[in-house]
Each structure stands twice: as structure tokens, then as C-alpha cells.
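Me: I have a model open and want to learn to read its features. Can you take me through them one by one?

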Amino acid sequence: MAAINSILHAGQTQSWYLLLLILPLAYLATVVIYRIYFHPLSRYPGPFLGKISEFYSFLGVWRNDRTISQYRMLQKYGSPVRFSSNELVFSDVKSVSEIYGQSSLLPEKERTVSEALSATGQPNVLNIVDRHQHGRVRRLLSHGFSLNGLLESESLVAAKVDQYVDLVFRQNENTIEGSGSSRLNEKTVDIYRKSHELYLDIISQLGFARSFDCLNGDNTTALDDVDAFGLVVPAQAFFPGFRYLPIPAIRQGFERVARLERFARKCLNDYIQGSSGRAGGGGYDPRKHTSILSSMLNAQDTESGTNLSMEEIVENTIIFLVAGSSTTAVTLTYLVWECGRRPEVMKKLVEEIRSTFPSNGEMPSYREASKLEYLNHVIDETLRVHGPLNTGVPRISTGRNIGGHYLPAGAGVSNNPYATARDAAVFPEPELFQPERWENATAEMRLMSRPFSIGPRNCIGRHLAMMGLVLTVTRLFQQFDLHVHPSVTEESMRLRDRGVYTPWGESLLVVATPVEKG
Ligand code: HEM
């Protein structure tokens, strides 16, 4: 009897184990069947693992090629493609405005990911999801980033560009060991790293009224601190409690972000108390200069009657560093790379710059330099092929038709700018770097290549980015002949999608030779 009981008991235990195994499998099978046959997006084509899971989203983040893998899928399956179980990716022209343009039914930013993107825990213009709250902050920031607002600060930007050209490029000897270049007056420069320092110096100058002064070596941590934001802050969206993990690299990353916050608070307090430390010293008194910071402090929203709080100012200035420095630096890096390896493009660009501004002792004004046609085409083409944010930022449907397809509320949707900028019907031979294609730019070209995006969430820093790029390229090519160093390879310059594109090699060595003073 006892033996029979124990057999029965063992049988029952086994059944439980079996049930514990079968239930999750049955649940998984139900989910898979539902996603393949009954999900509202089930009729859209895509790879099998994309239809049933978020596999390609994670793989893309892991391999740093999310947008490029979407591009390959769009080529294979057409537009729209089901990139993951609840997400469609488009590459047609019509859906661009329907996803990102002006409309009260516009798809929204994804809440969990967006809300994680904060340095201090406060909302900022980049991460606010609610369109009314976003509209308020955007209006309060708008003057500082408007062309007129920035033109008032042009001298600050120009001074940094001049400092960059002098400190980084002008030296009578080669300073990079083993670069193989030995001619006197020639200098090998890592334009990738130095441009990051330049744009951090410019943005901190305008946003904090005090420059990091990375270029002259005063600050050796800012670059890594801003980089740390991108490494640790977004991860909080996927792993709640991520910041409390006892892993030294994570702790160090958050300490770096905290250092940025302390710097921002100190600058703001100093500025408000009128004792920024720069007043009198070096002849520069920030209170006498219009800057993004002064504009933020003075702004009042007529609609809501509110101002920006100190907490909002601190948070937003940090976001400007994160959103504005690497994007502009990567664009300059790719522009120099493309021109440096295409003698015909370089020749045309240099001739335009030097014939318009023959006296290289003088810094061209932005108003004049921004009229250079070929330079504008070169920038447009660089941004088309290598735009650092051509990365298809996903939105969440509010339940509406997009590109002729109904997307239920909650479905993820994006239009992939990397793909649209390579549409051969709009940009013949799309992989060719050809600035001349912008000579007769059409509205369609401007929509398919939209490096600053469009609509209410487009880039607020566009004018600042253009001012930084135009002044840097003009000043640099006015004074130097640049050649890409032979050690640079296609592979080292291949795009790496870290949310913002960077070259895989994270470096671009160029050899600079000064031209005779005109
Ligand atoms: C070549 C340089 C730049 C490129 C290609 C670029 C591109 C973009 C793009 C595509 C977006 C839209 C992202 C989205 O859909 O969520 C964006 C947003 C933004 N950018 Fe830029 N950007 C550049 C430079 C800058 C600069 C210099 C700043 C500020 C100093 C800046 C600050 C921002 C901010 C704050 C947003 C969020 C705007 C909002 O949601 O209202 N960007 N940028």
C-alpha cells in the first residue's frame, strides 16, 4: 500500500512539474500565434523573429546598428515593415509628415524611454511627452535658439572657433607620434576629438555663460562626463533600479552626470549673483552678453504666464550639451572626411571660401559665410549621408491612419531617415557623395533628407549647429589645406548607431598645412 501511495505521490509531483513546464510553453505558443495571425499588425511583412518579439530592437542596440538593420529590412520587405511585434517602420514620403509633422493627432514620444532621459530627474525639452507641457518649454527656449537670438551671441561662437583653429591646427611641428608626417608646418590633428571639445566649449559658453574651456586644457573631464550621460542614463528605461546596481562603471557614469549637474548649478548661481568669475577677468562679463542662458532667465510664456524655474534651466542646459555637442562634432568630422578624400569637392569648396574671404586674417561673419552656396550643398550632402540623428526616432500611435495604413493606439511607428535619404528615386546613386545634387533641391528632397527632423519636435539647436559648422569650416579652410591621414580607413569611419551616429574608430586624423597669409 505504501509503495502504491508513493508511486501515486510521485506521479502527482511529476504532473505538477509537467504542468509547470507546459503552462509557460502554452502561454508562449498563444502569444506567438496571436502575434502572427491575430495582432492588428499581423498583415504586415517582416522577419519572423520581428513579428513575434522585440528581438531586432535589442539586437540593434547590442550591435549598434538598429537603423541600418531597419534599412536592410525595408529594402527586403518594402515599406512599412514590421520591425518588432508592435512596431512598423516606414520609408515613404507621405508618412513623414503624418508621424512627425504638425497635427493634434501626432504620434507621441515613447514615455518610458523619454522620461528616463533626464540628468537631474526634472523634465526637459527633449524628454517631455505631453504636447502642452512640451509647447510651454519650447516657447520659453525659442528666443535663445532663434537665428536673431544667436546672432547676438555670434562673437562668442566666433571666438571659440578662432581659438580652435589657432590652438588645434597652428603649430610648427607635428605632435602626433608615429603619424609618419614630418614636414615642418604640417600638423596631424584628431579632428573628431577636438571638434567635440570645440562644440562643448561653445554650448557651455552659451548655456552656462561659462565655457568648459576643454580646448585650452582647463577641463579634462567634460567630454567623458557628457559621454557618460549617453551610456548610463537611457539604460534606466530598460532596467528599473539600474543606477543602484553595485557595478563600478555604472556608479562612475552617474557620478560623471552628477558632476555636470554641479557645474550647471554653480554657473547658474554665479551668473545670477553676478560673480561668474569671468567678469573683469579676461575682459568678458557674461551679464553684458545675450546668450541662451540670459534668454532662458528672461523668458516669460505669454500663454501660461510662467517662467522657467531654476531646476528646469539646469536640466535643459545639460541636455543642450548632450544633444548638441556630439551631433555637430560628428557632422564636421564626416564633412572633413568626405572633402578630404574627394579632391574635386575639396577644390571647389576651398576656392569658394578663399575667393569670397581672401583675407584670412579676418573671421568671416555668419551672415556672409552662410550665403556660400557650395558650402551649403556640402553640409546638406554630409547630413544626408552621415546625419548623426538619421536614426528613426520611434513614436507611439494615437490611433490613426499613417501612410495609408491604420495604426491602432499604442503601436510603435517611425519613418527611417537613413532609408529615405538613400531612396534612389529621389537621390540617384544615393551612396555617392555629390554636393551638386542640392543645386536644384526640391521639397521632396528636403523631406526625404531631414537631418534636423520636422514638426514640433524638430531640432531646436538647428541654427546653432549651422552657425558652428559654417564658421568652423570657413575659418578652417580659409587658413589650412587639409588631407585625410593615410591611416584612416573606410572601416574606421563606418557609422555606428549609438542613438547618435559616430564613426566606429572614434577618430579622424587629418594633416593640416597652413596656407600663406592673405
Ligand atoms: C548637426 C547637428 C544636429 C543635428 C543633426 C540634430 C538633429 C536633431 C534631430 C533629428 C532632432 C529630433 C529628435 C527627435 O525626433 O526626437 C533633434 C532634437 C533636438 N536637438 Fe538637435 N541636432 C543637432 C544639433 C543640436 C544642437 C547644437 C542643439 C543644442 C545646443 C540641439 C538640441 C536639440 C534638442 C534640445 C532637441 C529636442 C527638441 C524637442 O524635442 O523639442 N541639437 N536634433
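Me: At what angle do the axes of helix α15 and α20 cross?
Reply: Axes are lines fitted to C-alpha atoms, for helices over the stretch in contact, and angles run from 0 to 180 degrees between N-to-C directions. Helices (H or I, at least four residues) and strands (E, at least two) are DSSP runs, numbered from the N terminus. Here α15 (residues 343-356) and α20 have axes that come within 9 Å and cross at roughly 95°. That makes α15 roughly perpendicular to α20. The classes are under 35 degrees for roughly parallel, over 145 for roughly antiparallel, 65 to 115 for roughly perpendicular, and oblique for the rest. This is a predicted model: local features need pLDDT of at least 70, side-chain atom pairs count only at pLDDT 80 or more, and totals for chains, interfaces and linings use all residues. Residues are numbered from 1 along each chain as its sequence is written, and side-chain values use heavy atoms, with hydrogens and water left out.

Me: Which residues in α15 and α20 meet?
Reply: Contact means heavy atoms within 4.5 Å. From α15 come M346, L349, V350, I353 and R354; from α20 come V473, T474, F477 and Q478. By class, this contact has six nonpolar, two polar and one charged residues. Ala, Val, Leu, Ile, Met, Phe, Trp, Tyr, Cys and Pro count as nonpolar, Asp, Glu, Lys and Arg as charged, and the others, Gly among them, as polar.

Me: Which residues touch the most other members of the largest nonpolar core?
Reply: A nonpolar core is a set of buried Ala, Val, Leu, Ile, Met, Phe, Trp, Tyr and Cys residues joined through side-chain atoms within 4.5 Å. Buried means under 20% relative accessible area, exposed over 50%, partly exposed in between (1.4 Å probe, protein chains only). The largest core holds 115 residues, and F169 and L482 touch the most other members. Helix α14 (residues 310-340) gives the most to this core, with 14 residues. A second, separate core of 12 residues includes I99, Y100, V413 and I454.

Me: What is F169 in contact with, leaving aside neighbours within four places in sequence?
Reply: The partners of F169 are Y164, K187, V189, I191, L476, F480, L482, V510 and A512.

Me: Which residue is the protein donor of the iron atom of the ligand?
Reply: Donors are N, O and S atoms within 2.8 Å of the metal (3.2 Å for Na, K and Ca); water is not among the atoms, so sites may look incomplete. The only protein donor is C459, through SG at 2.3 Å. C459 lies in the loop between α19 (443-448) and α20 (462-479).

Me: What should I look for in the backbone?
Reply: Most residues other than glycine have a negative phi, and most peptide bonds are trans. The bond from S79 to P80 is cis, with omega near 0°. P80 sits in the loop between α4 (66-77) and β1 (81-84). D213 has a positive phi, near 55°. E429 also has a positive phi, near 45°.

Me: Is D213 buried or exposed? And E429, buried or exposed?
Reply: D213 counts as buried, at 9% relative accessibility. Its place is in the loop between α10 (191-208) and α11 (222-232). E429 is exposed, with a relative accessible area of 55%. E429 belongs to the loop between α18 (417-420) and α19.

Me: Where is T327?
Reply: T327 is in helix α14. T327 is buried, at 13% relative accessible area. Neighbours within four places in sequence aside, T327 contacts P388, L389 and V500.
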